Amino acid sequence: MVRPQKRTFPTEIPNWIGGKELPAASGKLFDKLNPADGEILCRAARSDEKDIARAVKAARKVQPVWANTPAVQRGMLLHDIVLGLKARQQEVAQVVAAETGKSLKDALGETGGAIALGLFYASEGQRLYGRTTTSGTPNKYAMTVRQPVGVAGLIVAANTPIANVAWKVFPALVCGNAAILKAAEDTPVTAWIFGEIARLSGLPAGLLNIIQGYGEEAGAALVKNPGVDLISFTGSTAVGRQIAGIAGERMAKVSLELGGKNPMVVCDDADLENAAKWVLLSAFSNAGQRCAAASRIIIFSSVYDKFRRNLVERAAKLKVGTADSDDFGPVINGEQLSNILGTVARARRAGAKILTGGKRLTDPAHRNGFYIAPTLIENAAPDSEISTSELFGPVACLYRARDFQEALELANNSPYGLTACIHTQNFNRALEFSHKVQAGVAVVNAGTYGSEPHMPFGGVKNSGNGWREPGTEALDVYSELKDIYINIQPETA
Ligand code: NAD
């Protein structure tokens, strides 16, 4: 594992509030463990409602000035943050790799994604379009403009930490809001270093406050605080549901980007080699810790045995570790590891068959880290726990389908609806699936993946509450729309 230099990686991670590094008001810290070896990597501020209150005060003070700054200038400033990220891409990627256990190669790719996203939103400062339209009344002009919402509370997951931070901070700021980011407790340093880059790039103090801490303490306090006008949350459906209730009660705007249980259909006419490659990538990259990970592989019965054999052989050869030559690393923490293996054990007891994996890696190179072998399972009932709950780990279940119709039904038989993919050479199947599958993203002949920076991402059913981020659609999350009517009297002109 690449261990970043000290300067990049302080041993105690403070909050950023009002442009200053501050410890938690309580003085408490929590341990952040290295998922690759279980050792303490650093300690971070264990914040609570007092720290949130300080951050809200700092944010509310500067937000009106930022709102009055032309969006073009806001975008220019964000552009400087992007340049700062780019100049320190290697360093940021080292932090991401160390905190998550993913390879430096993957962390560099993810940091590149954050930079691309930042560039897109920095440029949106020059395109913060409203709309002009017609009116039914003579001499009346109608237009819709964007205005900031106010203070945006941003809560993120740890799976792709720098991308998740960028995904929310850039659109929130370009729209004229001040932001309070609750860092994921498993990736405190990534959030901290982003804050440092923003400060060094000249972002005025108080516009981006970064609070470290646990969800039940710091996160819940952010959601409750009446000084926070908008909550944008990326995380599990269970927590999203709680947030929707609490923030909804006080009429705050809430955008929820939640979990998935993403189906991948392999038809009898598919290029089976290509399909196998994409199944493995979709199920196991980032140790399956992707909202878009493929976890339900639905295979036509006529090719099931052949495809399963190929898949199992290839999965068993995947390399698990933190090097660039490895296929994936550890899961993020010990609790996740136990939850995943517990669900697999219950599935086995209920009659499912573990085709490969299904266990923690305990050889000397892996035993102290949170490593799970790539796991493929069959004979799980479609309505069983393992088929319907998101595991967020390197585990996928295989299902047989008689034909296209049954495959589509199985794909849609889920509480989630985030992404979906079909492998087929048949144009009719590809289009019919893309239209009928209940998901926010449908893919033909590749993997289940998230969206590019300029595309709207989000899901249906339990995968979200209807908002889409990023893309220009995220501007609707971070703006209020106001209609303006101007009435004139031409006879007085
Ligand atoms: P999680 O819901 O446990 O935590 C996510 C964040 O919410 C963390 O920062 C956590 O501290 C905070 N949190 C926890 N409890 C809270 C509470 N009561 N109030 C406020 N904040 C609270 O999720 P996780 O296990 O860290 O992340 C994995 C989940 O994120 C998966 O479900 C995955 O699918 C989802 N995810 C979704 C997307 C998407 O775009 N749809 C992207 C990445 C991850």
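1. The whole structure holds zero disulfides, a disulfide being a pair of cysteine sulfur atoms within 2.5 Å. Cys 421 has its closest cysteine sulfur in Cys 267, 9.8 Å away, which is too far for a bond. Cys 421 is buried at 0% relative accessibility. Cys 42 is buried too, at 2% relative accessible area. Buried means under 20% relative accessible area, exposed over 50%, and partly exposed in between (1.4 Å probe, protein chains only).

2. Basis. This is a predicted model: local features need pLDDT of at least 70, side-chain atom pairs count only at pLDDT 80 or more, and totals for chains, interfaces and linings use all residues. Residues are numbered from 1 along each chain as its sequence is written, and side-chain values use heavy atoms, with hydrogens and water left out.

3. Helix α7. This helix spans residues 215–224. Its buried residues are Ala 218, Gly 219, Ala 221, Leu 222 and Val 223. Their cover includes α1 (49–68), α8 (237–249) and the strands β8 (151–155), β9 (178–182), β10 (208–211) and β11 (230–234). Helices (H or I, at least four residues) and strands (E, at least two) are DSSP runs, numbered from the N terminus.

4. Cis proline. The peptide bond from Glu 469 to Pro 470 is cis, with omega near -10°. Pro 470 sits in the loop between β21 (460–461) and α15 (474–477).

5. Positive phi. Asn 139 has a positive phi of about 65°, though not a glycine. Its loop runs between β6 (131–133) and β7 (140–148). Asn 139 is partly exposed, at 36% relative accessible area.

6. Another asparagine. Asn 286 has a positive phi near 55°. Asn 286 lies in the loop between α9 (272–284) and β14 (294–300). Asn 286 is buried, at 14% relative accessible area.

Conventions. Contact = heavy atoms within 4.5 Å.
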